[in-house]
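Here are my notes for your first look at this model. Please keep the viewer open and find each residue as you read.

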Amino acid sequence: MKKNNNVLHRNGGQAVLMSVVFFLFISLAIMFGLASPVARDISLAREATGSIQSFFLAEAAAEDVFYRLRNGMQVASPEVLTLLGARATTTIADVGSNEKEIIATGDTGSNIRKVKVRLSVSSGASFNYGVQVGNGGFLIENNASVRGNIYSSGAVIGANSNIIRGDVISAGPLGLINSIHATSSAYAHTITNSQIDKDAYYQSISGTTVGGASYPGSADQPIADLPITDDLIGLWEAAAEAGGIQNLPCPYEIKNDITLGPVKINCDVNITGNPTITLTGVLWVLGNINIENTATVRISPSLGTVSVPVIADNPTNRTTSSKVELQNSATFVGNGSGSYVMVVSQNNSSEQGGSEKAIELENSAQGDLLLYAAHGEIHIKNSALLKEVTGYKVHLSNFAEVTYETGLASLLFSAGPGGSWTIADWKEVQ
């Protein structure tokens, strides 16, 4: 019996040893099985981290180049940015007269990510209405018309026959629309004696026909700032002065074809006869501007599709000077879509309670023309045709017509901050 017990003990020991070896192999198999995906996950994590680093490095490089372009700083193409052993290479290409394309490639090891940024020249100003008026209000009479919307911080008053083919807004708690025919909707605190073909929004209404829905108790519309500041006009004037100063003859008479700009003329300017004035930059007149007969004012094709300001501003006399008179058959010619001659007056007589007109446009003057007088009155009469009017006070009469063009919502100018770059599109590419 003792001998058999020894055999059993040996067999039991062998079984335990085999079990340990078996479990060891199982454990190793499990460990290797677990280690393989962990190692794979670590590798994938490293790849993902490298990819993210490449992407953000490309973003940083594109932002750096954009900052330099926007602020007029020097930048090379290609431009290389390095960080912690990784690098991004940025190239810049012109893709149009007013567009650039930036491509930034981030490279961390074998991880490559690309970003493409398209830049365009920012607008110098946006004109969102056919007529925009300050506190002086808007008067339209005697078969005058507007094809576009009107936004006024003062009253909107009509007389005799008139028609506004768009919305009419008279803002603020004193907002008033009186004796107006609007083919679209009307917004004012008070609406009286008008014909509104669509909806009406008001606190008070009387003597008015409304073709659409009426909304009594509507909130007053906010008073809106005019689109061009005095600071911007000051920048345009500085650009004109930097181009050169004309002192003589005085007054400055133009009767023959001439190319002007950027230039500052230190006295009144009179344009008569049938000359063609080609603008190659901002024109600043330190006095009054008078254009008559069949003169043509055009923007030089060399400037591309930008607009050019013509400014009447005598800082020492903005009550009886700094005025513009456009008459007879004067014509204004831009450079295709989005290009206009913008006549600016800094006369402030109306804002001060005076009777002087900042800009007078009459007879058949017409073309790619915008009028701007933030502190004065603009009077347009006698079959004159133009694209947009903005002023402290505006008066349309005798078949005058304003026809708004959609391109005015994003207008580029030949000088000032309109020359800066903005982002039109930003995306990752392959």
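This is a predicted model: local features need pLDDT of at least 70, side-chain atom pairs count only at pLDDT 80 or more; totals for chains, interfaces and linings use all residues.

The points below cover the cavities, then the aromatic pairs.

1. Rolling a probe the size of a water molecule over the atoms shows where empty space is left. How many cavities of 30 Å³ or more does the structure hold? There are two.

2. Take the largest cavity. About 70 Å³ of space lies in it. Its lining is made up of Val269, Ile271, Ile277, Leu279, Leu283, Val285, Ile289, Ile291, Val297 and Val310. These residues divide into ten nonpolar, no polar and no charged.

3. Which strands supply at least two residues each to the lining of the largest cavity? They are strand 24 (269–271), strand 25 (276–279), strand 26 (283–285) and strand 27 (289–291). Trace these strands in the viewer.

4. Move on to the second largest cavity. It holds about 50 Å³ of space. Ser170, Tyr187, Ala188, His189, Tyr201, Tyr202, Gln203, Ser218, Ala219, Asp220 and Gln221 line it. The lining has five nonpolar residues, five polar and one charged. Compare this with the largest cavity, where the count is ten nonpolar, no polar and no charged.

5. Next come the rings. A pair of aromatic rings is described by the distance of the centres and the angle of the planes. A search of the whole structure finds six aromatic pairs. One of them joins phenylalanine 127 and tyrosine 372. The pair is edge-to-face, with 6.3 Å centre to centre and 85 degrees between the planes.

6. What does this pair tie together? Phenylalanine 127 lies in the loop between strand 4 (111–121) and strand 5 (131–141). Tyrosine 372 lies in strand 35 (residues 369–381). The pair therefore ties together parts that are 245 residues apart in sequence. Are the two residues buried or exposed? Phenylalanine 127 is buried, and tyrosine 372 is buried too.

7. Tryptophan 236 and phenylalanine 413 form another aromatic pair, a tilted one. Their centres are 4.6 Å apart, with 50 degrees between the planes. Tryptophan 236 sits in helix 2 (residues 230–243), and phenylalanine 413 in the loop between strand 38 (401–403) and strand 39 (421–429), so the pair links parts that are 177 residues apart in sequence. Tryptophan 236 and phenylalanine 413 are both buried.

8. Finish with a cluster. Ring pairs link Tyr187, Tyr201 and Tyr215. Tyr187 and Tyr201 also belong to the lining of the second largest cavity.

Definitions and conventions
Residues are numbered from 1 along each chain as its sequence is written. Side-chain values use heavy atoms; hydrogens and water are left out. On a 1 Å grid over the protein atoms alone, a cavity is a set of points where a 1.4 Å probe fits but cannot get out, and a pocket is an open set with protein on both sides within 12 Å along at least five of seven lines; lining residues have an atom within 4 Å of a point. Grid points are joined across faces, edges and corners, and a volume is the space filled by probe spheres set on the points. Helices (H or I, at least four residues) and strands (E, at least two) are DSSP runs, numbered from the N terminus. Ala, Val, Leu, Ile, Met, Phe, Trp, Tyr, Cys and Pro count as nonpolar, Asp, Glu, Lys and Arg as charged, and the others, Gly among them, as polar. Rings of Phe, Tyr and Trp (its six-membered ring) pair if their centres lie within 6.5 Å; planes under 30 degrees apart count as stacked, over 60 as edge-to-face and the rest as tilted. Buried means under 20% relative accessible area, exposed over 50%, partly exposed in between (1.4 Å probe, protein chains only).
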